[in-house]
Amino acid sequence: MNPTARINPSILAADVGHLHEACRRVEDAGADEVHIDIMDGNFVPNVSFSPSVVEMARKAVSIPLNVHLMMLHPDQYVDPFCDAGADTLLVHIEADHDAEETLRRIRARGVRAGIVLNPATPLDSIAPVVNACDEVLFMTVNPGFGGQSFIPDPLPRMAELRSQFPELAIAVDGGLNRETCLQCRQHGASVFDVGSSLFKPADMAAEIRWYRERMK
Ligand code: DX5
Ligand code: ZN
């Protein structure tokens with residue numbers, strides 16, 4: 001039995017001119033957390049939001065903020081994003097930092113710490129840090145852009161991690177829709193960071209109910 005499914009819409013898929021309303025829409029639709037993608041133009045070939053967007057989201061909603069740092073030097077940004085109001089801060093294992101130390105510093109701020117693996121990264125790369133994590137996130141696209149196609153390669157890794165850690169928050173991000181979410185659920189995922197396919201339908205609440213109903 002997997003932990004209860006959590007649905008976290010990603011505001012990268014929102015209209016950038018209406019980010020405040022997008023955060024309110026996510027909360028009103030009954031989502032669990034707001035997923036906020038931070039891209040630095042180095043770790044990924046795109047630039048997105050700054051700590052001020054996290055601060056805006058913190059004022060807009062009362063549900064937790066799940067902040068995904070796609071940054072080459074995430075260790076340099078732990079304090080700004082914790083100060084801005086992140087409830088979970090996720091950093092990549094492939095980034096240029098001492099991951100264990102970064103995770104320790106995040107937890108020391110009273111914030112949940114998460115490690116992220118790109119689609120081609122082997123599971124054993126996180127073995128030394130998994131006990132320092134509150135969440136492990138498997139990317140199912142190469143990070144940097146919303147609206148990409150789902151890459152299934154991490155599915156067996158998800159299942160393997162679930163068999164080792166029955167209670168762990170195992171998250172998935174990239175190319176998720178009704179079909180790929182159910183596939184990930186069957187492989188042990190419990191947190192679903194969904195962009196385009198939650199923002200496109202007119203009724204986000206109905207869409208989230210569909211997911212909850214099928215991922216009990
Ligand atoms: C991708 C981001 C994702 C993105 C997912 O680099 O980390 O969170 O918003 O968007 P979709 O669901 O459209 O693939
Ligand atoms: Zn993300």
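**Zinc site and ligand 1**

Reader: Are histidine 35 and histidine 68 buried or exposed?
Author: Histidine 35 and histidine 68 are both buried (under 20% relative accessible area, 1.4 Å probe, protein chains only). The model is predicted, with local features needing pLDDT of at least 70 and side-chain atom pairs 80 or more, while totals for chains, interfaces and linings use all residues. Residues are numbered from 1 along each chain, chains are lettered from A and ligands numbered from 1 as written, and side-chain values use heavy atoms without hydrogens or water.

Reader: Which residues coordinate the zinc ion (ligand 2)?
Author: His35 (NE2), Asp37 (OD), His68 (ND1) and Asp173 (OD), at 2.0 to 2.3 Å; donors are N, O and S atoms within 2.8 Å of the metal (3.2 Å for Na, K and Ca). Their sequence spacing is H-x1-D-x30-H-x104-D. Histidine 35 lies in strand β2 (residues 34-39) and histidine 68 in strand β3 (residues 65-70), so the pair links distant parts of the chain, 33 residues apart; strands are DSSP E runs of at least two residues.

Reader: Why is the arrangement octahedral?
Author: Because the six donor atoms around the zinc ion subtend angles of 68 to 168°. Octahedral needs opposite donors over 155 degrees apart and all others between 65 and 115.

Reader: Switching to ligand 1, how many residues surround it?
Author: 19, the closest being Ser10, Asp37, Gly147, Asp173 and Ser196 (a heavy atom within 4 Å).

Reader: What lies 2.3 Å from a ligand 1 oxygen?
Author: A side-chain N or O atom of serine 196. A polar side-chain atom of aspartate 173 is 2.7 Å from an oxygen of ligand 1. The protein covers 98% of the 380 Å² of accessible area that ligand 1 has on its own (Shrake-Rupley, 1.4 Å probe).

Conventions
Four donors count as tetrahedral if all angles lie between 85 and 135 degrees; four count as square planar and six as octahedral if opposite donors are over 155 degrees apart and all others between 65 and 115; anything else is irregular. Helices (H or I, at least four residues) and strands (E, at least two) are DSSP runs, numbered from the N terminus. Buried means under 20% relative accessible area, exposed over 50%, partly exposed in between (1.4 Å probe, protein chains only). A polar contact is a pair of N or O atoms within 3.5 Å; within protein, one must be able to donate a hydrogen and the other to accept it, and residues adjacent in sequence count only if both atoms are side-chain atoms.
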